Amino acid sequence: TIMAPQVEVVDGKIVLNRESLVVTAQGESRPSTEECDVVYETHNLVNAASFTNRTPTERWTKEENDLFFSALQQYGTDFSLIQRLFPSRTRRQIKNKYKKEERENPTRLNHAPT
């Protein structure tokens, strides 16, 4: 059956079928609550960020900072090459570190020619 108002042609006139304006509810075949399994949630918060492949951030140690600036002196802004010196860091983390140092510590960054 079509769930929309129906029209008919009666004596050359278009007439709205009044029976098509009323829809009767059909019984739903839903299981009773006794038949359903109980599900207990184990996580406190689930949102869109729960399914990203984001690597957790860690603070840069003093040794990593020194290695980062010496790598900038050697390789410039080739972040893929610098990333090889930091196996636990991604290229994006290296680039973000550079951008942060560019904002917060430009004098030390200027001593590392790019």
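I started at Lys97, which lies in helix H3 (residues 91-104). Helices here are DSSP runs of H or I with at least four residues, strands are E runs of at least two, and both are numbered from the N terminus.

Ground rules before going on. I am working on a predicted model, where local features need pLDDT of at least 70, side-chain atom pairs count only at pLDDT 80 or more, and totals for chains, interfaces and linings use all residues. Residues are numbered from 1 along each chain as its sequence is written, and side-chain values use heavy atoms, with hydrogens and water left out.

Is Lys97 buried or exposed? I find Lys97 buried, because its relative accessible area is 7%; the cut-offs are under 20% for buried, over 50% for exposed and partly exposed in between, with a 1.4 Å probe and protein chains only. Leaving out residues up to four places away in sequence, Lys97 touches Trp60, Asn65 and Phe68 (contact is heavy atoms within 4.5 Å). Lys97 also lies over the face of Phe68, at 5.9 Å from the ring centre. For that I need NZ of Lys or CZ of Arg within 6 Å of the ring centre and within 35 degrees of the ring normal.

Next I checked the rest of H3. Its buried residues are Gln93, Ile94, Lys97, Tyr98 and Glu101. They fall within an arc of 145° seen down the axis, so they line one face of H3; the arc is taken from the directions from the helix axis to the C-beta atoms. Arg92 and Arg103 are exposed on the other side of H3. The cover over the buried residues of H3 includes H1, H2 and H4.

**Glu64 and H1**

I moved to Glu64, placed in helix H1 (residues 62-75). Glu64 counts as buried because its relative accessible area is 17%. Beyond four places in sequence, Glu64 touches Arg59, Phe86, Ser88 and Arg89. Which side chain does the side chain of Glu64 make a polar contact with? It is that of Arg89, at 3.0 Å. A polar contact is a pair of N or O atoms within 3.5 Å; within protein, one must be able to donate a hydrogen and the other to accept it, and residues adjacent in sequence count only if both atoms are side-chain atoms.

Just after H1, Gly76 takes a positive phi of about 70°.

**Rings**

My search of the whole structure found 4 aromatic pairs. Rings of Phe, Tyr and Trp (its six-membered ring) pair if their centres lie within 6.5 Å; planes under 30 degrees apart are stacked, over 60 edge-to-face and the rest tilted. Trp60 and Phe68 have ring centres 5.7 Å apart and planes at 65°, so I logged the pair as edge-to-face. Trp60 and Phe86 are edge-to-face too, because their planes are at 65°, with centres 5.3 Å apart. Trp60 sits in the loop between strand S2 (13-16) and H1 and Phe86 in the loop between H2 and H3, so this pair ties together parts 26 residues apart in sequence.

Trp60 and Phe86 are both buried. Ring pairs link Trp60, Phe68, Phe69 and Phe86 into a cluster. Last entry: the charged end of Arg89 sits over the ring of Trp60, 4.2 Å from its centre.
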